[in-house]
Amino acid sequence: MGDILFLAHRVPFPPNRGDKIRAHHLLKKLAQLGRVHAGCFAESEEDRAGEGELTQITASHCIVNRTKPLVLAGVEAVVARKPVSLTAFHSDALDNWVRQTILENAITTIVIFSGQMGQYVPDDFTGQVVIDLCDVDSAKFEGYAAAGQRVWLNNREGHLLSRQEEYLAQRADATILISDAEAALFRSRLKYPATANVQVIGNGIDAAFFDPLTVMPHSAIAARSGPHFVFTGQMDYSPNETAALWAFDHFLPAIRAKFPSAELHIVGRNPTKKLLAYAGLDGLTIWGEVPDVRPFIAAATCVIAPLLIARGVQNKVLEAMAMQRPVMLTPEAATGIDAVDGVQWLLCEADAGAMCERIGAMLHDAGALSNMGEAARQFVLSNHDWGAMLAPIEALVNADRVEASNAA
């Protein structure tokens, strides 16, 4: 096969958040199959520091600093009648680099990570196109609107993104979703589902990195009696913010009514002003960005994922399971992970009373907590190894094509 062009909306180094983790492992898999040229955006110094690792794994690369203000992206979107998600990630510099890279190299396959990057596939490219959408972004924005969040703007974004997803499904030789549920939802929203090649590739986990035997629990948390409940994630991401606010208002007071020394720990970068307004609440610690999330997971009596809006597979859940911790989560957070309730995790609707009853029964039985943690890790080892998850990629990028992109 010829060279591969990989385009991602963020530098996939370091792999320290959900989308970057998946992009990171996808890029590593592609690099095993052939020469890869990578184009992506950087939003922070941390992203830009990942250029060294990107250089080592690719034949060439282009990193564009994403500095466009959201207000400007919104104005451009209204004028162009496009989703803000596309205008926010539009760059003439990256577009020119893509075209030049295709012209100068034997690019036979373009692999797109995240729908925002589909705009960079040239109309005249005749090679293989594989697009990993992960989840159905249009439905996510519609969900925000249904929840009363910026209703007009999110409804507009959902509508326009659904049209973009329709286009990408027909443009791509294969469109990847992260779970069977997301794939079914995606197909149900297409006008011509029969002509779209929709595939499912789930999320994996680096079980060697998230190994409880190699990590010491966070000392400050371990020194206190607890029980300790930990929620991790990017805290300026709306579903995580919403879940944390729900936990502050409902779960924390309910669990402390039963266990007065119970504590809730919010671990993740960029906690919003709404979240920080709760700082000082009894039993709550908002840690913000930390150099390594594993000690916090290791110190948890139970990891919680009380998501009310969610798309795709939650890396935070797989990480906690790999770390051999009991996890209590809502059905929204369980999508795409076929664990068994009461065996490998605790599945519960967003009902603080019901959650407290379920976890409360286990807190009196240390053996039950330990057994669930062990079962959780074994489930991840058996079902979510990255190598097994990404094995189908080879067949998709090696699919026969009559013409290569630069054959003309």
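Predicted model: local features only at pLDDT ≥ 70, side-chain atom pairs only at ≥ 80, totals over all residues.
**Strand S9**

Strand S9 spans residues 263–267, and five of its five residues are buried, so the strand is largely enclosed by the rest of the structure. In a regular strand the side chains alternate between the two faces of the sheet. Here Glu-263, His-265 and Val-267 lie on one side and Leu-264 and Ile-266 on the other, and both faces are covered.

S9 runs parallel to strand S8 (residues 228–232), to which five bridges join it. Within this pairing, Ile-266 of S9 has Phe-231 opposite. Helix H11 (residues 238–258) carries the chain from S8 to S9 in a right-handed β-α-β crossover. Strand S10 (residues 284–288) also pairs with S9 in the parallel sense, over four bridges. Ile-286 of S10 is the bridge partner of Ile-266.

**Salt bridges**

The structure holds 18 salt bridges, including those tabulated here.

| Pair | Closest N to O distance |
|---|---|
| Arg-10 and Asp-19 | 2.3 Å |
| Arg-358 and Asp-341 | 2.9 Å |

Arg-10 is buried at 14% relative accessibility, and Asp-19 is buried at 18%. Glu-43 is partly exposed at 32%. A network of salt bridges links Arg-10, Arg-17, Asp-19, Glu-43 and Arg-66.

Arg-358 is partly exposed at 28%, as is Asp-341 at 35%. Arg-358 belongs to helix H15 and Asp-341 to the loop between strands S12 and S13, so this pair connects parts 17 residues apart in sequence.

Note on methods
Residues numbered from 1 in each chain as written. Heavy atoms only, no water. Buried < 20%, exposed > 50% of the residue type's maximum accessible area, 1.4 Å probe, protein only. Helix = DSSP H or I, 4+ residues; strand = E, 2+ residues; numbered from the N terminus. Pairing = 2+ DSSP bridges. Right-handed = clockwise from strand over helix to strand, strands pointing away. Salt bridge = Lys/Arg side-chain N within 4 Å of Asp/Glu carboxyl O.
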